[in-house]
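The sequence and the structure come first, and the description follows.

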Amino acid sequence: MAEVKVYERTLEETPTWAVAVVCFVLLAISIIIEHIIHAAGKWFKKKHKNALFEALEKVKGELMLLGFISLLLTVFQDPISKICISKNVASTWHPCANPKTSTSEAKSDTDSETNTRKLLEYSEPMARRVLATKGYDKCAEKGKFAFVSAYGIHQLHIFIFVLAVFHVLQCIITLAMGRTKMRLWKTWEDETKTIEYQFYNDPERFRFARDTTFGRRHMYTWWSRSSISLWIVSFFRQFFGSANKVDYLTLRHGFITAHLAPGSGARFDFQKYIERSLEEDFKVVVGISPIIWFFAVLFLLTNTHGWHSYYWLPFIPLIIILLVGAKLQMIITKMGLRIQDRGEVVKGTPVVEPRDELFWFNRPGLLLFLIHLVLFQNAFQLAFFSWSTYEFSINSCFHKRTVDTVIRLVMG
């Protein structure tokens, strides 16, 4: 049987119209995306949404970083793929129990070497970088494996891009959901402008702390006197009206008392202030910091056969976010208990005083970082599922068990 030698064409063997069409399409897509980002920035500036504009600038910075990663992966693809390691080292820490490469080589090692030599014989005079196709293993002649093959680097390239896209999209969806929930608070904010509210919250009126609505919710309860019961109640309370009306109004009053002049609270819109604060936080979480990228590397490391990461890794963000929600509920309760410690009688509305020592390690920013980590971990799970399905199909070893797919999607 005659042997058929197949090789990849270079640009000098490719029609110029094909090259021109590819360049035109890529340029058109890039220009459209650039104009969309520019138009969004102008709209944010027009609406005086400075925090969202800065968040958009961060997204542009992330896109630039991805461009550098793409460039580095392209430039160093050949040097990395030429690094050879022994078979013993290459056979460790695989994501699958029986990698296809190892199995096929074990079955037909001689044929593989012969075919590789023939391919090298034909194509070596025209050595070139292969980015989007499966390249041969240049270490096979030495009886070794490439540290990371050229095609493996290409697949990693795609995964990093998909991960960044999913992270940005998830942050945007989270922001939209947060703003939607905050619109429900508009009714509570409008209530503070009514005569009934101002009469009931007369600043000259004395009341027992335990008789206030906030006091009945957080003070003088059996569960608030024990740290264990306080954690348990706070944990379950986050599922039932975590943003309670009385908590919102009390926190609003405490903020106005601490930061505004007396008598100016009636004109202050606390709900809009919280929306602006959410936009400021969005500016933080939409970025991918070096620490977050480091976590991405750790997540990739844990995707090793035998570690069963699909059973425990997706649950880490769930546990973290539940602890954060319980902690925030606990902070509100502790602020109420401090009102009780100041005296049995309060004048006007109870005044809460948020302090750094109420948070873990006296660092309120730690909660924001944990939320940031949760968003990224969720994006990682969804991006990994989409990427592995696209690259290896739904029937690959990454989705060998149905429970793996279900856990990743549901938790994400």
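In this predicted model, a cluster held together by ring pairs takes in Phe159, Phe294, Phe295, Phe299, Phe380, Phe384, Trp387 and Phe392. The structure as a whole holds 22 aromatic pairs. For Phe235 and Phe239, the ring centres lie 5.7 Å apart and the planes stand at 80 degrees, and because an angle over 60 counts as edge-to-face, the pair is assigned to that class. The two residues of this pair are both partly exposed, as the table sets out.

| Residue | Relative accessible area | Class |
|---|---|---|
| Phe235 | 26% | partly exposed |
| Phe239 | 47% | partly exposed |

Turning to the nonpolar cores, the largest one has 32 residues, and among these Leu163 and Phe376 touch the most other members. At least two residues of this core are supplied by each of four helices, namely H7 (150-183), H14 (290-302), H16 (315-342) and H17 (365-392), and H17 gives the largest share, with 10 residues.

Which residues is Phe376 in contact with, once its neighbours within four places in sequence are left aside? Under that condition, the contacts of Phe376 are Leu163, His167, Ile288, Ile292, Ala296 and Phe299; of these, Leu163 is the residue named with Phe376 as touching the most other members of the largest core, while Phe299 also belongs to the ring cluster.

Terms used
Residues numbered from 1 in each chain as written. Predicted model: local features only at pLDDT ≥ 70, side-chain atom pairs only at ≥ 80, totals over all residues. Heavy atoms only, no water. Phe/Tyr/Trp six-rings, centres within 6.5 Å; stacked < 30°, edge-to-face > 60°. Buried < 20%, exposed > 50% of the residue type's maximum accessible area, 1.4 Å probe, protein only. Core = buried A, V, L, I, M, F, W, Y, C linked by side-chain atoms within 4.5 Å. Contact = heavy atoms within 4.5 Å.
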